[in-house]
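Welcome! Please take a look at the sequence and the model below, then try the exercises one at a time before reading each worked solution.

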Amino acid sequence: MSRPTNPGSAATPPRMSPSDAPVIRPSNRIATSSLPAPSRPSKEAHSNIRLSRSSHLTQPQRVLLRVAGSTFRKTQHSSTPQGPKSKIALNPAPKRAEHKEIIDLELGAIIALTDEGAWARSLYTDLIEESEIKSFLRSIDVYDTDLKCWVTLPKSSARPKEEKLYAPFVAIINLILMRFVLRDSEEGTLLREAIDTHDTRLAHQERDPTTLYSLPDVSVKAKGSSFQVPRVKTVGFSNMSSLMEIKVENQDLSLKDQSLQVSVYVRQIFIQQPNRRFVRVLLLTEQNVRLFHFDRSGGVYTPGIDIHKDPDTFIRLVVGLNSLEEAQLGLDDSIKWTVKDGRKVSGTLTTRVAEDTEKTYDLCNVDPVIHYFDIRGPASQCWSVIDPSTGTQYLVKDCWKVDDRVPEYTYLETAQGLPGVVQMVSFEANRGETKSFRDNVGISHVDFHNRVGVRIVVDSYGEDAIAGHMELYMKKTLHRDISTDSIVLGRKGLDSEPQPGSWGMLIDLHMAIDVGRLEPSKDWKVGARLYQSIAILLTCLNPKINLAQDHLDDLESFLYVYAYIIYGYDDSGFPYPIHATLLEWEQDMARSVANNKLAFLIRKNVPRSISSRWPKPCIELLGAFREFLLPFVLQKRELIETELENKDEEVKSMMDSIDEHYDAVLDLFSRGIEALEAEEDNPPSENPGSKANRFRTPPRDPDPPTAYAEPSGTRNLKRTLSEYPEEVPEAKRPEVEVEVQDG
């Protein structure tokens, strides 16, 4: 929020009501199951926002905004395509088939290599000499060098059952690990161990607390800086170097089904090992081994390779996928943790700064403060760090950008000195490319988009996220990904009171565009439907008639961020059970979410259970903000759903008033803050039985009985960077134990 330029008197604060914003008043409330018939906003809709109020913009700011809006109108006629996952409903506790469908849509094609195993054979050749492998095979009883076969594995002709393969494979893998991986480790230290987990429930981690689990057949338990023992069991996705899925030859299971089953496990490794750059796992049968490789560009898999005739490749893959060198496993070793009793207790992050020198920061939390929950995509994750030499706190963002996107640090260089936008301290332009993880194999596939690793260190001072959005637009940059994860609170000043420049700030510009760009990116646009505008949701359904995402879509996303806070918390930051409104926005199909959000915009009230836990000015601001946006939402919906000859003129009319849009929204927040400050100076009566007392939020229990660690995600209300907790109460969902995938 922006502080008022000219604060009003505390005794007679300027009151804000929904009537202050332009509004179309429907005659009847609509049902959330269907959109109302299009209602055309009047030609005066834009002029109606010129309210009786003081302006928050200077004339130069207005000119810059209108110039940027004009450029946008001339060059942007469509938006980056949304990923196919955006169209489906998202069940927080999906059944097996639902979970596979979600991952299938997220990943796109998992590329099948047709190189007869050449890439797999080329891997890890520097780790073991061929002579060492020959000596090993001659020394063990489980391989017959004359017959060229692993004698403990049943033959395919015997039609073995899958469960008969677990024990012999675990024994073989442990023999390989002991000889080639653990030979240099300290005596008695078992840093890698294959374990039969086909009947062990390995817990999942999701955005919200979950009871989902899955059962990979063989897991290699690992110890090291990047691994930690799960809270319940001795092995889990958080402390495995790799895994092996076991099948039998000629089983009625397609390669696609095998790929999706493996993907369920791989996704959890990425989530629970947040410094993973890539993950490789093996699919084994009594005859063959198949390598699966996943990174932020998706996945590839090799043809089956005969483990009897080519034991060298099989052994090298087992060794390479479970190396003691974490970088070889696909882990980013610039992030290191101190592990005590199996759990991470502290850590450091090292980055390259000016003149190619290294700088090491201390981690404020062992987990990222912003987490990523998919395999493919930008994988934006943020770490809160402290400079140990100065005590200054920063935010470090890791991201994998597509080749054809303008890098985020370019926009942040443009934003240097802008209020409301985080200020960049340093950046690393190329920390690796996904094509190099694959040795350029399969990169010509139409579904492959190379991604480049980027790291950015930003200062935490800022002013106002909405004002920052406007400042960026004046620099011809549109953010396009507003959510709770793209807004942070800056650290406080030297004293205990927040100072100007330490309120909400925008981060996460990886989806930003120059408003004058000529071509949209070929890769999918990702974003949480919880915060997406109605127009963007509708274009998911029919991209042929989409509109370019503009500043009004982002302002609408700011509204949903604000609504998320109002509906999900009280004014002390205490989280409440997730409201049905938010669940609908987060989980339903795109059409249903659009319906529900439009009903929310038209609705005039807030449920008493929610309004009673917030000061009145906060609730009034929510009403005024949504009524301001409603005419534009209806206008854009009509542009999408009908064939209008004057479509360009309609878009031009919105762009011509861009300065008024920002001015109106900043004014709503300014007056909201004034009213809130006045109420704090003149609190309502707290006499027993008074209305104010009856609806006050009960004080938070300082020692709640269920203070479990909550995964990073959408349920974390924004705090200052110095206030991210190690433990917070988990959101309340129905506790239903669900098995995602069998072994």
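## A partly exposed lysine

Lys 476 is partly exposed, with a relative accessible area of 31%. The model we are working with is a predicted one.

**Exercise 1.** Find where Lys 476 lies, and describe its phi angle.

*Solution.* 
- Step 1: Lys 476 belongs to the loop between α10 and β20 (477-478).
- Step 2: The phi of Lys 476 is positive, about 65 degrees, although this residue is not a glycine.
- Step 3: To put that in context, most residues other than glycine have a negative phi.

## The chain as a whole

**Exercise 2.** How many helices and strands does the chain have, and what percentage of its residues is buried?

*Solution.* 
- Step 1: The secondary structure comes to 19 helices and 24 strands.
- Step 2: The chain has 743 residues, and buried residues make up 58% of them.
- Step 3: Turning to contacts with a separation of 6 or more, residues 24 or more positions apart account for 73% of them.

## Helices that pack together

**Exercise 3.** Describe how helix α1 (residues 59-75) packs with helix α10 (residues 465-474).

*Solution.* 
- Step 1: Two packed helices are described by the angle between their axes and the distance between the axes.
- Step 2: The axes of α1 and α10 come within 8 Å and cross at roughly 65 degrees.
- Step 3: Angles of 65 to 115 degrees count as roughly perpendicular, and α1 and α10 are therefore roughly perpendicular to each other.
- Step 4: The crossing in which α1 passes α10 is left-handed.
- Step 5: On the α1 side, Gln 61, Leu 64, Leu 65, Ala 68, Gly 69 and Phe 72 take part, and they meet Met 470, Glu 471, Tyr 473 and Met 474 in α10.

**Exercise 4.** Repeat the analysis for α1 and helix α18 (residues 658-681).

*Solution.* 
- Step 1: The axes of α1 and α18 are 8 Å apart, and the helices pack at an angle of about 125 degrees.
- Step 2: That angle makes α1 oblique to α18.
- Step 3: Arg 62, Leu 65 and Arg 66 of α1 meet residues in α18, including Ile 658, Asp 659 and Tyr 662.
- Step 4: Leu 668 is also found in α18, and Leu 668 is buried, with a relative accessible area of 2%.
- Step 5: Leu 668 and Leu 621 are 47 residues apart along the chain, and their C-alpha atoms are separated by 6.7 Å.

**Exercise 5.** Which residues are buried in helix α13 (residues 580-587), and what covers them?

*Solution.* 
- Step 1: The buried residues in α13 are Thr 581, Leu 582, Trp 585, Glu 586 and Gln 587.
- Step 2: Their cover includes α12 (551-568) and α14 (590-602).

## Buried residues and their neighbours

**Exercise 6.** Is Ile 133 buried or exposed, and what does it contact?

*Solution.* 
- Step 1: Ile 133 is found in helix α4 (residues 130-139).
- Step 2: The relative accessible area of Ile 133 is 0%, so it is buried.
- Step 3: Leaving aside neighbours within four places in sequence, Ile 133 is in contact with Ile 128, Phe 180, Asp 312, Ile 315 and Arg 316.
- Step 4: Ile 133 and Asp 312 are 179 residues apart in sequence, and 6.5 Å apart in space from C-alpha to C-alpha.

**Exercise 7.** Which backbone nitrogen does the side chain of Gln 228 reach?

*Solution.* 
- Step 1: Gln 228 is placed in the loop between β7 (218-222) and β8 (240-246).
- Step 2: Gln 228 is buried, with a relative accessible area of 11%.
- Step 3: The side chain of Gln 228 reaches the backbone nitrogen of Lys 344 at 3.0 Å.

Definitions and conventions:
Residues numbered from 1 in each chain as written. Predicted model: local features only at pLDDT ≥ 70, side-chain atom pairs only at ≥ 80, totals over all residues. Heavy atoms only, no water. Helix = DSSP H or I, 4+ residues; strand = E, 2+ residues; numbered from the N terminus. Buried < 20%, exposed > 50% of the residue type's maximum accessible area, 1.4 Å probe, protein only. Polar contact = N/O pair within 3.5 Å; in protein donor to acceptor, adjacent residues only side chain to side chain. Axes fitted to C-alpha atoms, helices over the stretch in contact; angles between N-to-C directions. Parallel < 35°, antiparallel > 145°, perpendicular 65-115°, else oblique. Left-handed = near helix turned anticlockwise from the far one by under 90°. Contact = heavy atoms within 4.5 Å.
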